[in-house]
Amino acid sequence: VAMRLPSFFAGVLYIGAIAFLLACLGYQRAGAVAAVLAAVHPWHLRYATEASGYSMTLLFVPLVLVCAVQALREGTWKWWLLLAGAEFLLLWAVMGAVWFVLVLNAVLPATLLVYRFSGSGPHLQLRRWFVSGLLFAMLLFQFMAPSVPQIGRYLTVDRVAQPMGFVWIQNAWANLSIGAGWHGLYSENELIKTVENLGALTFWV
């Protein structure tokens, strides 16, 4: 139970985080609807009860976006540091979120140069973005460097290096709709339920 509590609390906080993100963007009603949908979505309910980092990913992604929006609007050191700190927590929870962070940090400097949200000039904001990100990137390296060889070996396992064909599409759709994969990729783990094991649910998917 203790191992699942962090995921549970992250799942509860995610409901408020997604509503807060949309409210910051000016969509208060959409935020309320999103919070309700998140509270009942099967995939969210599943991850909020698993001893894994996926529930924390759901929490930190909207928090990262809130910090990014505020950093663009205000341009203060506070928001740039909070953004970098939120990205650090996101990657610490699930390193697979690195693609989201890379895309976001490619968009941010381009946005600063093109739109110039804050009034202090894009070059000052670019320096704050770079310094904040570099600070937490060095901290993340200290935490994650010992895991790099293990991650490299894990990615060579056949069950991980699966082609993105029809089976992948079935699994993705089933996960999004009912919170469980269609096919079992980890046959030795009987605790992972799939649609194949729950034939009665196949019709609804």
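**One tryptophan and its surroundings**

Start at tryptophan 80. Setting aside neighbours within four places in sequence, tryptophan 80 is in contact with Ala71, Leu72, Gly75, Leu108, Leu112, Gln125, Arg128, Trp129 and Ser132. Contact means heavy atoms within 4.5 Å.

This is a predicted model, in which local features need pLDDT of at least 70, side-chain atom pairs count only at pLDDT 80 or more, and totals for chains, interfaces and linings use all residues. Residues are numbered from 1 along each chain as its sequence is written, and side-chain values use heavy atoms, with hydrogens and water left out.

Now step back to the fold. The chain has 9 helices and 0 strands. Helices (H or I, at least four residues) and strands (E, at least two) are DSSP runs, numbered from the N terminus. Of the 205 residues, 34% are buried, meaning under 20% relative accessible area with a 1.4 Å probe, protein chains only. Among contacts with a separation of 6 or more, 59% join residues 24 or more positions apart.

Next, the core. The largest nonpolar core has 33 residues. Such a core is a set of buried Ala, Val, Leu, Ile, Met, Phe, Trp, Tyr and Cys residues joined through side-chain atoms within 4.5 Å. Leu59, Val64, Trp80, Leu83, Leu90, Leu104 and Leu108 touch the most other members. At least two residues each come from α1 (5–24), α2 (28–40), α4 (54–74), α5, α6 (98–115) and α7. α4 gives the most, 8 residues.

A search of the whole structure finds 1 cavity of 30 Å³ or more. On a 1 Å grid over the protein atoms alone, a cavity is a set of points where a 1.4 Å probe fits but cannot get out; a pocket is an open set with protein on both sides within 12 Å along at least five of seven lines; lining residues have an atom within 4 Å of a point. Volume is the space filled by probe spheres set on the points, which are joined across faces, edges and corners.

The largest cavity holds about 40 Å³. Its lining is Trp80, Leu83, Ala84, Glu87, Asn105, Trp129, Ser132 and Gly133. α5 (77–93) and α7 (122–144) each give two or more of these residues. The largest share, 4 residues, comes from α5.

Finally, the second largest pocket has a volume of about 240 Å³. Of its 13 lining residues, Glu87, Val101, Gly133, Leu134 and Ala137 lie nearest its centre. Here α7 gives the most, with 7 residues.

Methods
Buried means under 20% relative accessible area, exposed over 50%, partly exposed in between (1.4 Å probe, protein chains only).
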